[in-house]
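Dear colleague,

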Amino acid sequence: LFHPTTAQVLSINMLKYRPGIRVKVPMKLINHDLSPGVRGGSTAVQMFFLLECRTFTEHIPEFVYADLTGMRDKGKLYARSIEFPPGIEPVFPERLVATIKPGRQSRVLAAQQSV
C-alpha cells in the first residue's frame, strides 16, 4: 500500500501461495491508438482497476493487460476476452472490464453521416 501523495510504502502484504488462490491483479488498458473508437474522439472507460483472478502458478503477474485493438464506439470488453498469462484465469469471466464511450466529436460525426 502506498501513500497517495508521497508514494511512500505504507504496508506490504505477504501472500502464501497455494493452487487456486484468488488474487486481485492490477489491470491496464493498452493499444488505445489502435482503437477506431478512441481515434474518432471517444473515450476508453476502465470499469475495474483490480481484476480478481485465480492463480494456478507461483508467478502472479504484476499487471493484466486489456487490449483495445479494433474496439469501436460502444464496444465492450469482457474479462473472458483478455489474454491472461499461463496459469491465471478470471474469477468472473463475464464481468465487463472496459468500454468505449462515444465522445462529443464522434456523436457529431455520426449525426452528419446519418443526414
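**What was found**

The protein chain in this model, which is predicted, has 2 helices and 7 strands, and from the N terminus on these elements run in the order β-α-β-β-β-β-β-β-α. Of its 115 residues, 29% count as buried, while the accessible surface of the chain comes to about 8,100 Å², with 55% of that area belonging to carbon and sulfur atoms. Among the contacts with a separation of 6 or more, 73% are accounted for by residues 24 or more positions apart.

Asp-67 is found in strand β4, which covers residues 64–67, and Asp-67 is partly exposed, because its relative accessible area of 36% lies between the 20% and 50% cut-offs. Its side chain is joined by polar contacts to the side chain of Asn-31, at 2.8 Å, and to that of Thr-69, at 2.6 Å. If residues up to four places away in sequence are not counted, Asp-67 touches Ile-30, Asn-31 and Leu-77. The C-alpha atoms of Asp-67 and Lys-28 are separated by 8.6 Å, although these two residues stand 39 residues apart along the chain.

Glu-52, for its part, lies in strand β3, made up of residues 50–55, and the side chain of Glu-52 makes a polar contact of 3.3 Å with the side chain of Arg-22. Leaving aside neighbours within four places in sequence, Glu-52 is in contact with Arg-22, Val-23 and Lys-24, and also with Pro-90, Val-91 and Phe-92.

With kind regards

Methods: Residues numbered from 1 in each chain as written. Predicted model: local features only at pLDDT ≥ 70, side-chain atom pairs only at ≥ 80, totals over all residues. Heavy atoms only, no water. Helix = DSSP H or I, 4+ residues; strand = E, 2+ residues; numbered from the N terminus. Buried < 20%, exposed > 50% of the residue type's maximum accessible area, 1.4 Å probe, protein only. Contact = heavy atoms within 4.5 Å. Polar contact = N/O pair within 3.5 Å; in protein donor to acceptor, adjacent residues only side chain to side chain. Areas by Shrake-Rupley, 256 points an atom, 1.4 Å probe, with all protein chains shown as cover.
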